[in-house]
Amino acid sequence: MSSKGIIRTVLGDIPAEPWGITNAHAHLVGKADATKPPFDSTDQAELVMTLNDSLPELQEFGDAGGFCLVDLTPMGLGRDPEALVRASEETGVHVVMGTGIYHEPFHPDAIADLDDVAIAELLVKEVTEGVGDTGIRAGIIGEQGTYTGPMTDREAVVFRASAMAAVETGVAVTTHTYLGRNALDQIDVLTSQGLDPDRIVIGHLDDTEPDLDLIREIINRGAWAQFDDIGYEYYTEVLQVQMTTDVVRAGKLRQLAEEELTDQVILGSDFCRRRHLQAEGGPGLVHLVTGFRALAEAEGVPTEVLDQCMIANAATVLAMA
């Protein structure tokens, strides 16, 4: 498993090789607004995650072999760089922080009147200098979001800015889709600003049964396809859909492996809600390392493919170009 370059964590830059098992999408702390869509049918308490909640989960993830976690909590949704530093220091798990702007209802007031150039400058600062005056730097841009579609004008501004910032800094852009919608539009807008598609990760492609035709098209365009709801099989009031099962996720991953497409697939869990905590009956962060790997292997996904998606591919995405 190897990748060239450096990866920017909240504790500083580290070599991209050797690398280890990575959860490419999670949220150790956060607080969404239940008055805004899609959370407007959700109990506010369900949307609050504190470090006291998540730290034992991260420790168990690390103890089971987890090496790195990518925290993609967007601006204005409870992102806490200092908490991420504490989490990494106390558990030994590397943490990469995102500089993210969620879909339009959640755009922070600070960017309301900014054009794409000004937003790009903000994103670049968070990667190169740090968030606010903390000096804690982001290592990826995201999760940049669109909602049900089509992409709004302001979302397009954010996506253009994200591409500009990614080109300047060398970090990747990772996105939030709603059931995979707008995925190809996201790629189009990002590449329109000169961003290479291999610096683009399209998220939430396994909320429901993964659409392999869409995933093939994403991969054919040179971008990364992300399965990031691993472990979640419940009916979601937010999306108003039944989430798919890990057996189905593993089957789709096996099929992509058979088509030799898994060199552009990465995995995560979007751990972010109280129902995801083991204390609340959820799968927890450790599930990606233990439960899903074992299930996927039983469903015929080769171990080397799981290592590719969780280790080598993650390192390639996170390594600064």
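A crossing of two helices is called left-handed if the near helix is turned anticlockwise from the far one by less than a right angle, and right-handed if clockwise. Helices (H or I, at least four residues) and strands (E, at least two) are DSSP runs, numbered from the N terminus. The structure is a predicted model, in which local features need pLDDT of at least 70 and side-chain atom pairs count only at pLDDT 80 or more, while totals for chains, interfaces and linings use all residues. Residues are numbered from 1 along each chain as its sequence is written, and side-chain values use heavy atoms, with hydrogens and water left out.

In this model, α1 passes α2 in a right-handed crossing. Helix α1 spans residues 51-63 and helix α2 residues 81-91; they pack at an angle of about 35 degrees, and their axes are 10 Å apart. Here axes are lines fitted to C-alpha atoms, for helices over the stretch in contact, and angles run from 0 to 180 degrees between N-to-C directions. Contact means heavy atoms within 4.5 Å. On the α1 side, Leu51, Asn52, Leu55, Leu58 and Gln59 meet Ala83, Arg86, Ala87, Glu90 and Thr91 of α2.

The same helix α1 also packs on a sheet, touching β3 and β6, and its direction makes about 140 degrees with that of β6. This open sheet has three strands in the order β3-β6-β7, with parallel pairing; two strands pair if DSSP finds at least two bridges between them. Because β3 (21-26) and β7 (94-97) stand at the edges with a single partner strand each, one side of each is left without a neighbour in the sheet. Four bridges join β3 to β6 (residues 66-71), and Thr22 stands opposite Cys68 in β6.

The largest nonpolar core holds 100 residues, of which Ile7, Ile218, Leu267 and Phe292 touch the most other members. Such a core is a set of buried Ala, Val, Leu, Ile, Met, Phe, Trp, Tyr and Cys residues joined through side-chain atoms within 4.5 Å. Buried means under 20% relative accessible area, exposed over 50%, and partly exposed in between (1.4 Å probe, protein chains only). Beyond its neighbours within four places in sequence, Ile218 is in contact with residues including Ala183, Leu184 and Trp224. Apart from this core lies another, of 11 residues, among them Phe39 and Tyr102.

Finally, Asn182 is found in the loop between β9 (173-176) and α5 (183-191). Asn182 is buried, with a relative accessible area of 12%.
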